Amino acid sequence: MYTQAMDLPTPAHEQIAARGPMTLTEREWQAQFDAKLDRGDFIEAKDWMPDAYRRTLVRQISQHAHSEIVGMLPEGNWITRAPSLKRKAILLAKVQDEGGHGLYLYAAAETLGTSRDEMLDALHTGRAKYSSIFNYPTLTWADIGVIGWLVDGAAIMNQVPLCRCSYGPYARAMIRICKEESFHQRQGFESLLVLMRGTQAQRDMVQDAVNRWWWPSLMMFGPPDGESTNGGDSMKWGIKRIGNDALRQKFVDATVEQAKVLGVSLPDPDLRWNEARGHWDFGPIDWDEFKAVVGGHGPCNKERLATRVKAWNDGAWVRDAALAHARKREAREQRAAA
Ligand SMILES: [Fe+2]
Ligand SMILES: [Fe+2]
């Protein structure tokens with residue numbers, strides 16, 4: 001996977017331009033693209049696609065990749081403090097999975113002609129966003145269970161529809177990622193179930209963690225559909241299949257029932273079953289908090305970014321060594337072929 005960032009194929013649109021005058025007009029390319037979407041066919045890396053579609057995908061997939069990588073930080077923080085060997089092994093595996101998700105996704109975004117170095121530069125200089133949820137701190141061991149249950153649970157709701165997204169490489173990456181996210185959600189729930197069967201202090205710790213993570217988890221679905229700036233085009237292009245509000249409602253409906261099994265309460269006095277709608281009603285979300293955290297003013301934004309930049313700088317010698325090795329091998333192969 002590492003070499004992909006160093007040896008990028010020429011982007012499909014440049015290949016087309018390099019072939020000389022097009023045999024079809026741009027309008028005809030667009031018509032073919034639209035017909036593919038209508039048939040439900042995948043758009044593949046070498047297919048013609050509108051620039052705006054390509055840009056939207058690069059923004060979304062790279063943002064998703066950054067979220068996976070930054071998401072390793074709040075949990076990685078607890079690997080040395082997991083309460084048993086079993087929990088340590090599970091957490092270690094989960095954090096490694098998240099790293100793998102980031103790598104699949106960077107590879108998927110690279111097929112659109114943007115290099116991994118460019119994407120990482122955008123992250124490190126603060127131009128690219130990642131999920132706001134990872135800017136909250138993990139204060140106790142129960143936070144790790146709650147992240148699995150609520151944060152990975154919300155991620156699954158968001159990501160399952162992406163397995164049918166119109167861009168083939170993204171959809172295929174998501175199939176594998178969703179299988180692993182489902183394990184993450186279950187391990188979180190199981191870990192909380194064990195704590196809830198423990199002492200009163202353990203139950204209080206779980207409830208405190210649920211109180212802190214509930215609202216940020218609901219914010220993970222993004223602003224209401226009417227205010228979402230990218231939603232319309234993404235729907236039209238089959239990148240997004242279900243709106244933010246419908247996904248959020250689905251998550252609330254599933255989670256309320258799981259909270260009953262756990263024996264925790266959700267910190268929302270307006271939460272009640274609405275017979276007419278067939279869904280749980282919930283209270284207003286504090287979008288000012290969401291905007292502040294997305295805008296860089298969450299509790300851990302600076303710390304998360306500084307940790308990623310340090311990791312990138314500390315890893316420079318590995319990248320240099322890998323490049324030097326690749327150049328040597330190439331030179332050897334050229335000598336052998338001569
Ligand atoms: Fe993940
Ligand atoms: Fe996960």
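The structure is a predicted model, in which local features need pLDDT of at least 70 and side-chain atom pairs count only at pLDDT 80 or more, while totals for chains, interfaces and linings use all residues. Residues are numbered from 1 along each chain as its sequence is written, chains are lettered from A and ligands numbered from 1 in the order in which they are written, and side-chain values use heavy atoms, with hydrogens and water left out.

The chain has 14 helices and two strands (DSSP runs numbered from the N terminus, H or I of at least four residues for helices and E of at least two for strands). A compact globule of 338 residues would have a radius of gyration near 20 Å, and the 22 Å of the chain agrees with this (taken over C-alpha atoms; the globule rule is 2.2 Å times the number of residues to the power 0.38). Along the principal axes, the C-alpha atoms fill a box of roughly 75 × 50 × 30 Å. Buried residues make up 47% of the 338 residues, where buried means under 20% relative accessible area, exposed over 50% and partly exposed in between, with a 1.4 Å probe and protein chains only. Of the contacts with a separation of 6 or more, 77% join residues 24 or more positions apart; contact means heavy atoms within 4.5 Å.

Donors are N, O and S atoms within 2.8 Å of the metal (3.2 Å for Na, K and Ca); water is not among the atoms, so sites may look incomplete. Glutamate 98 lies in helix α5 and aspartate 152 in helix α7, so the pair ties together parts that are 54 residues apart in sequence. Aspartate 152 is buried, at a relative accessible area of 4%.

The iron ion (ligand 1) is coordinated by Glu68 (OE), Glu98 (OE), His101 (ND1) and Glu181 (OE), at 2.0 to 2.2 Å. Its site is irregular as well, with angles of 88 to 141 degrees among the four donor atoms. Glutamate 98 bridges the two iron ions, ligand 1 and ligand 2, which lie 3.4 Å apart. Glutamate 68 is in helix α3 (residues 51-70) and glutamate 98 in helix α5 (residues 85-110), so this pair connects parts 30 residues apart in sequence. Glutamate 68 is buried at 7% relative accessibility, and glutamate 98 is buried at 5%.

The largest nonpolar core has 52 residues, and Trp149 and Trp213 have the most contacts inside it. Such a core is a set of buried Ala, Val, Leu, Ile, Met, Phe, Trp, Tyr and Cys residues joined through side-chain atoms within 4.5 Å. Helix α7 gives the most to this core, with eleven residues. A second, separate core of 31 residues includes Trp29, Met49, Tyr167 and Ile177.

Notes. Tetrahedral: all angles 85-135°; square planar, octahedral: opposite > 155°, others 65-115°.
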